[in-house]
Amino acid sequence: MGIDQSEGRADVVIIGAGASGLWSAIELASDHDVVVLEAGRVGAGASGYAAGFVGPFADWAPYPAAVEHSIEAFRALDGSHGFTFHDRPYVELAETDAERDSFVEAYQPLFDREGYELEYCPTSELAERWPGRFDLDGFDGGLVKAESGIIDVREYATALAETARERGAEIRTQTPVERIVTDDDTVVGVETPDGRIEAETVVCAAGAQTGSLVESFVDLPTRQFIYCNLRVNVDGELDDAYPMMYGRDVWWRPEPDRPQTFLVSGGMYFLPERDRPPRSPPAEYLREVEGVLESVATDIDEVRIVNGSYHTCSKGSAITPDGLPVLDAPENAPDGLVVVTGVTAGISMSPFTGTAVRALVTGEEPMVSLEPFELDRFDDPPADFRVHEIEEMPSTFPTGEY
Ligand SMILES: Cc1cc2nc3c(=O)[nH]c(=O)nc-3n(C[C@H](O)[C@H](O)[C@H](O)COP(=O)(O)OP(=O)(O)OC[C@H]3O[C@@H](n4cnc5c(N)ncnc54)[C@H](O)[C@@H]3O)c2cc1C
C-alpha cells in the first residue's frame, strides 16, 4: 500500500517516525494507505535517545491491559529485523515506609492482575537475590518488576520501521511537515517541501513538536524537558543477572554488549521556551549520579564517566500537567486530526500508543478507555506547571550546541 505517488494522497498521514508514529503505522497499515513523514531520520526524536528501560512505570499502572499488551509486543518483536529484547527485572528502590506504601498503592492494579509478575521485597530478600551487588543501607526495600527488559533504542526504531514497511506503510525520511492543511474545519492533508499530500486523516505524533504543529487548531498544555543520559565505567563485570535499577532519582542499567559499563539516566529538567539542551551534564546531576552509584552499587568504587557519552534528545520531550499523554482526536480540532504527545515512558508504552491511535482513526473499541488521555481533561493549566521530579533548568547551565 503506502502513498499513491501520482496523486500525492494517502488514507492516513502520520507525522513523526518515533516509537509512537511507527507503532501507529504498524497498527493501521494492513487496511489503510499509510505514509509516515519524518523530518529527520527514523528515531530522530526522543525515541532514538531514550535509555532503553522497558517496563511498567507508575503513571501507567492504572492501565494494566495497556502495560501487558506493550510488554508482550516487545517480546514478540524479539529476533525480528535485528532487534533483541533482553528480558531483565527492574528494581525500584524505596527509602522509607511512606515511599514503599506509595509504590504499592500506585502499582496496585498490576499487583491485582492475574498472571502478572510483580512483588515488593524487603532489602534482606534483595540482598539474597543479588548477593554482594548492592549496599541497601538506608533503604526499606524494592519493587521487583519482572515484566521488564533492556533494549537498544536505535535497533528498536529500525525494527519498527521495517515492520511498518512490511505491513505496507511508506516511510519518508528528511521530509518535514510544514503545515497541516484544512478545509472547512476538516483535515485535507499536509504540506511538505516536496509538495502537498492529501489525506483525510493526519496523525500528529511529532513528540515535543506536536504542540507547534497543531497550535493553530488546539492549545496543548505541554512543557518541554530533557533527561540526561551518560555511560559510567565500572570495575567489576556485570553479568546477565544484573537488574535495571532505580533509586533516589537515578536510573542505571547494564549494557548487554558492554560488560563493564552502566547506562545512567535521570536528570530531568524543563527546557526554557524553545531553547537547546545543555552542552554538558548539569553539575547537580553528576553529583547525584556519583552519590547514588557510589553508595548503592557495590561494584563501583569510583564513578568514571565515559568521555563524550553524555547525551540527551536535542528536540526535548513533552510532558502534560498530569504526566499522562494526550491521545485524542480533540472535539474542537478539525475532523480527521489525531494528536499524540506527552507520552512518558513512551518507549515502554509505544505498542499501546499504536493501538490507541488505531482506535481513534477507525472508531473501533480501544483496549482501555481513552478518556483519561483526552485533551479536554485540562482546564487552563498555568504555563509553568510543575510535574513529577522534573526540575527547572538553573540559569547557570550553558545552553546551545552540545
Ligand atoms: C534521554 C531520554 C531517556 C528516556 N528513557 C526512556 C526509557 O528508558 N524508557 C521509556 O519507556 N521511555 C524513555 N524516554 C521517553 C521516550 O523516549 C519518549 O516518551 C518516546 O520516545 C516518545 O516517542 P514519540 O514517538 O512520541 O516522540 P519522538 O520519538 O520524539 O518522535 C517524534 C518524531 O517526530 C519528528 N518530527 C518533529 N516535527 C516534525 C515535522 N514537522 N515533520 C515531520 N516529522 C517531525 C521528530 O523528528 C521525531 O522523529 C526517554 C526519553 C529521553 C529523551
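Which hand does the crossing of α1 and α9 have, left or right? I opened my notebook with that one, keeping in mind that this is a predicted model.

**Entry 1: α1 and α9**

I looked up the pair and found that the crossing of α1 and α9 is right-handed. Helix α1 covers residues 19–28 and helix α9 covers residues 350–362. Their axes come within 7 Å and cross at roughly 55 degrees, and α1 and α9 are therefore oblique to each other. From α1, I noted Ala 19, Ser 20, Trp 23, Ser 24, Ile 26, Glu 27 and Leu 28 in the contact. From α9, I listed Ser 350, Pro 351, Thr 353, Gly 354, Thr 355, Val 357, Arg 358 and Val 361. Sorted by class, this contact has seven nonpolar, six polar and two charged residues.

**Entry 2: α1 and α6**

Next I turned to the other partner I had marked for α1. Helix α6 is made of residues 153–166. I read an angle of about 25 degrees between α1 and α6, with the axes 8 Å apart. Angles under 35 degrees count as roughly parallel, so α1 is roughly parallel to α6. Here α1 passes α6 in a left-handed crossing. On the α1 side, I wrote down Ala 19, Leu 22, Trp 23, Ala 25 and Ile 26; α6 brings Ala 157, Leu 160, Ala 161, Thr 163 and Ala 164. My tally by class is nine nonpolar, one polar and no charged residues.

**Entry 3: α2 and α9**

Back to α9, this time with helix α2, residues 64–77. The axes of α2 and α9 come within 7 Å and cross at roughly 115 degrees, which makes α2 roughly perpendicular to α9. Ala 66, His 69, Ser 70 and Ala 73 of α2 meet Pro 351, Phe 352 and Thr 355 of α9. I counted the classes here too: four nonpolar, three polar and no charged.

What is the order of the three strands in the open sheet? I found β3-β8-β4, with antiparallel pairing. The edge strands are β3 (53–54) and β4 (86–87), each pairing on one side only. I followed β4 to β8, residues 149–150, and found two bridges between them. His 86 stands opposite Ile 150 of β8.

**Entry 4: domains**

I finished with the domain assignment, which gives domain 1 as 9–48 + 154–221 + 318–377 and domain 2 as 89–145. How many Å separate the centres of domain 1 and domain 2? Taken over C-alpha atoms, I have 35 Å written down.

Technical notes: Residues are numbered from 1 along each chain as its sequence is written. This is a predicted model: local features need pLDDT of at least 70, side-chain atom pairs count only at pLDDT 80 or more; totals for chains, interfaces and linings use all residues. Two strands pair if DSSP finds at least two bridges between them. Helices (H or I, at least four residues) and strands (E, at least two) are DSSP runs, numbered from the N terminus. Axes are lines fitted to C-alpha atoms, for helices over the stretch in contact, and angles run from 0 to 180 degrees between N-to-C directions. Angles under 35 degrees count as roughly parallel, over 145 as roughly antiparallel, 65 to 115 as roughly perpendicular and the rest as oblique. A crossing is left-handed if the near helix is turned anticlockwise from the far one by less than a right angle, and right-handed if clockwise. Two residues are in contact if their C-beta atoms, placed from the backbone, lie within 7 Å. Ala, Val, Leu, Ile, Met, Phe, Trp, Tyr, Cys and Pro count as nonpolar, Asp, Glu, Lys and Arg as charged, and the others, Gly among them, as polar. Domain bounds come from an automatic or database domain assignment.
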